[in-house]
Amino acid sequence: MFPTPIEKRPRSAQVGYQAVLPLALILWLLPLIAVANFSIKPEADFVNGNYWGMPSSFELFSNYGRVFFESNMPRYLLNSLLITIPTVIGAVALSAMAGFALGVYRFKGNLLIFFIFIAGNFVPFQILMVPVRDLTIDLNLYDTKTGLILFQIAFQTGFCTLFMRNFIRALPYPLIEAARVEGVAEWRIFWFVVLPLMKPALAALAVLIFTFIWNDYFWAVVLTQGPDAQPVTAGITEFNSQFRAAYHLMSAGSIVAALPPVAMFFMMQKHFIAGLTLGAVK
Amino acid sequence: MRNEGGLMTYATVPDTDPQKPRGWYKRNEIAVTPFLFLAPAILFFAVCVIIPIAQSFWISFHEWDGLGEAEWVGTANYERLLGIGDQPMDRKFETSLWNNIKWLVLYLLAIPAGLFIAIFLNQTVRGIRIYKSLFFFPFVISQVVVGLVFSWFYLPREGLLNALIGLFGFGPVNILGDPSLATYGIIAAGLWPQTAYCMILYLTGLNAVDPEQVEAARLDGAKGWRMLWYVILPQLRPATFIAFVVTIIGALRSFDLISVMTNGGPFGSTRVLSFYMFEESLSEFGFRMGYGAAIAVVLFFLMLGFIVYFLWSMYRDEQGAR
């Protein structure tokens with residue numbers, strides 16, 4: 001193990017490590033702690049210049065209550081949810097199929113198609129922006145959730161296919177061969193043999209894509225406007241102009257906007273990290 | 001060795017009823033199935049990614065406000081952008097390009113920083129798992145919120161940063177208001193989640209380091225830096241490669257943070273190509289889609305250099321895997 005396990009070090013080193021650990025964490029999360037502190041302060045603290053000290057009164061409920069009841073925040077959150085969930089389902093479904101095709105079959109152009117998916121996934125968004133915006137306008141999908149969903153599915157397919165294909169390739173191939181010998185139809189092999197084995201990959205990818213889509217800002221700004229379709233990342237700008245310079249409310253709003261993927265991460269940590277680090281180990 | 005058996009095995013499939021003529025699909029099942037499975041993904045990807053790339057190239061040779069007729073102007077957009085002929089290079093483009101280079105170089109700091117934190121946290125004391133999660137979770141927060149959090153952190157009066165440096169007797173600095181500092185302030189904000197990402201990659205990598213090699217090296221008297229450099233880092237190569245890929249792509253994609261923290265200002269000093277392109281295409285002063293597309297094409301070629309390198313590395317691995 002590297003570095004040397006702390007248990008094998010002198011007692012003083014162990015105590016030192018245990019003491020440094022929380023300090024390092026506080027330092028690392030300092031900007032966030034400051035914002036969390038902002039969000040439970042009363043407005044008076046900002047007037048009196050008490051920016052960093054303890055809140056003079058504990059206003060968690062009134063600040064967050066105003067976020068939920070006096071702004072468009074709930075609508076934006078709902079939009080985010082209604083955009084994110086269909087996208088996750090669509091992207092995972094498309095890429096599971098594509099990954100199966102690329103991972104199991106050998107045919108001409110296999111690697112080429114695979115590499116086009118990967119390359120497309122790395123492309124800068126901006127080169128797609130003008131034509132995609134135009135396309136959504138032509139299809140009457142501009143400023144709708146459907147438009148954003150369809151486009152996000154297409155764009156995520158690149159990364160998801162890379163992920164699925166590599167996972168399927170690592171599955172034991174004799175299983176598929178055995179099924180073929182039995183005369184099982186190919187689509188049944190996909191459905192009954194490969195898909196059940198892919199459960200961990202499906203879970204990992206779903207959690208990962210959920211976070212990516214929820215946090216997307218660029219496409220939200222390019223393809224939507226206004227509270228009818230905009231997700232929370234774009235809506236927060238409007239929220240902040242509503243509560244201009246009211247730092248206690250703006251911080252509460254951003255914490256609310258950031259929370260769902262954070263909750264998702266802490267609940268599904270194992271899958272999330274497995275998804276993120278696929279390929280980090282050979 | 002993987003798929004070779006496929007067709008041959010198929011030929012020996014015991015047919016339950018040899019007299020029954022088999023349909024075209026049945027006979028060609030193995031050849032056709034992959035394309036059926038690929039069709040939806042390819043359709044989506046072609047319509048929303050591949051074709052738009054080609055269209056952007058086409059638009060970049062036009063002058064177009066997004067509504068009326070596009071007017072063919074040849075390479076005029078590129079000439080104006082790069083300053084070919086008797087005109088200077090577009091000043092805003094020059095600033096953006098320089099900022100992109102700053103982003104690329106400084107963003108790479110996330111890799112050693114992530115490695116450092118991973119080594120620091122790679123212990124088995126009580127509660128370490130919670131520490132690892134908490135160190136990682138800035139990555140899960142959206143860049144928009146990271147941008148807001150840091151812009152409040154930097155505030156000259158209300159921001160915690162100035163309170164801290166005030167303790168050491170340094171005067172308040174308005175990082176995001178100072179054209180010479182603003183870009184660095186934004187990059188620092190971007191490094192925060194990116195370092196967390198690299199950290200988690202390295203933590204996973206360190207977990208898989210071969211303990212026997214480490215022990216053997218230890219017996220040979222290797223420790224500290226030498227151990228890290230000669231024994232550990234070579235084994236972390238896959239993690240380093242991925243960290244490199246995601247960091248480069250992340251640096252060139254920087255848009256959210258700039259948009260949220262400074263909106264390109266002060267005095268346009270924090271623009272990068274992706275942001276400048278957005279600004280030109282959808283600005284209040286009228287949509288200049290053609291010029292925007294030309295900027296996007298330049299950014300695309302900048303990225304293409306890296307993409308080709310990544311794909312080439314992956315291709316070599318694929319060949320090795322066979």
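Predicted model: local features only at pLDDT ≥ 70, side-chain atom pairs only at ≥ 80, totals over all residues.

Student: OK, how many residues of chain B are in contact with chain A?

Tutor: On the chain B side there are 116 residues in contact, and they meet 108 residues of chain A. Together the two chains bury about 10300 Å², and 75% of that area is on carbon and sulfur atoms. The size of an interface is often given as the accessible area lost when the parts come together.

Student: Which helix gives the most to the side of chain B that touches chain A?

Tutor: That is helix α3 of chain B, residues 29-59, which gives 23 residues to the side touching chain A. Taken as a whole, that side of chain B divides into 82 nonpolar, 21 polar and 13 charged residues.

Student: Is Thr124(B) buried or exposed?

Tutor: Thr124(B) counts as exposed because its relative accessible area is 51%, and the cut-off for exposed is over 50%.

Student: Switching to the inside, how many residues has the largest nonpolar core?

Tutor: The largest nonpolar core has 205 residues, and those with the most contacts inside it are Leu128(A), Trp219(A), Phe136(B) and Ile232(B). Helix α16 of chain B, residues 289-321, supplies the largest share of this core, with 15 residues.

Student: What does Leu128(A) touch?

Tutor: Not counting residues up to four places away in sequence, Leu128(A) touches residues including Phe151(A), Phe155(A) and Trp219(A) in chain A, and Cys48(B), Val49(B) and Pro52(B) in chain B.

Student: What about charged pairs? How many salt bridges does the structure hold over all chains?

Tutor: The structure holds 8 salt bridges over all chains. One of them joins Lys41(A) and Asp45(A), whose closest N and O atoms are 3.5 Å apart, and both of these residues are buried. In another, the side chains of Arg75(A) and Asp228(A) meet at 2.9 Å, N to O. That pair links distant parts of the chain, 153 residues apart, with Arg75(A) in helix α5 and Asp228(A) in the loop between α12 and α13 of chain A.

Student: Why does Arg75(A) count as partly exposed?

Tutor: Arg75(A) counts as partly exposed because its relative accessibility is 39%, between the cut-offs of 20% and 50%.

Student: Last topic, the backbone. Where is there a cis peptide bond?

Tutor: A cis peptide bond joins Gly265(B) and Pro266(B), with omega about -10 degrees, and Pro266(B) lies in the loop between α14 and α15 of chain B. Phe267(B) is found in that loop between α14 and α15 as well, and its phi is near 55 degrees, a positive value in a residue other than glycine. Most residues other than glycine have a negative phi, and most peptide bonds are trans.

Student: What is the phi of Asn140(A)?

Tutor: Asn140(A) has a positive phi of about 60 degrees although it is not a glycine. Asn140(A) is found in the loop between α7 and α8 of chain A, and it counts as exposed at 68% relative accessibility.

Note on methods: Residues numbered from 1 in each chain as written. Chains lettered and ligands numbered in written order. Heavy atoms only, no water. Core = buried A, V, L, I, M, F, W, Y, C linked by side-chain atoms within 4.5 Å. Buried < 20%, exposed > 50% of the residue type's maximum accessible area, 1.4 Å probe, protein only. Helix = DSSP H or I, 4+ residues; strand = E, 2+ residues; numbered from the N terminus. Contact = heavy atoms within 4.5 Å. Buried area = accessible area lost by both parts, 1.4 Å probe. Nonpolar A, V, L, I, M, F, W, Y, C, P; charged D, E, K, R; others polar. Salt bridge = Lys/Arg side-chain N within 4 Å of Asp/Glu carboxyl O.
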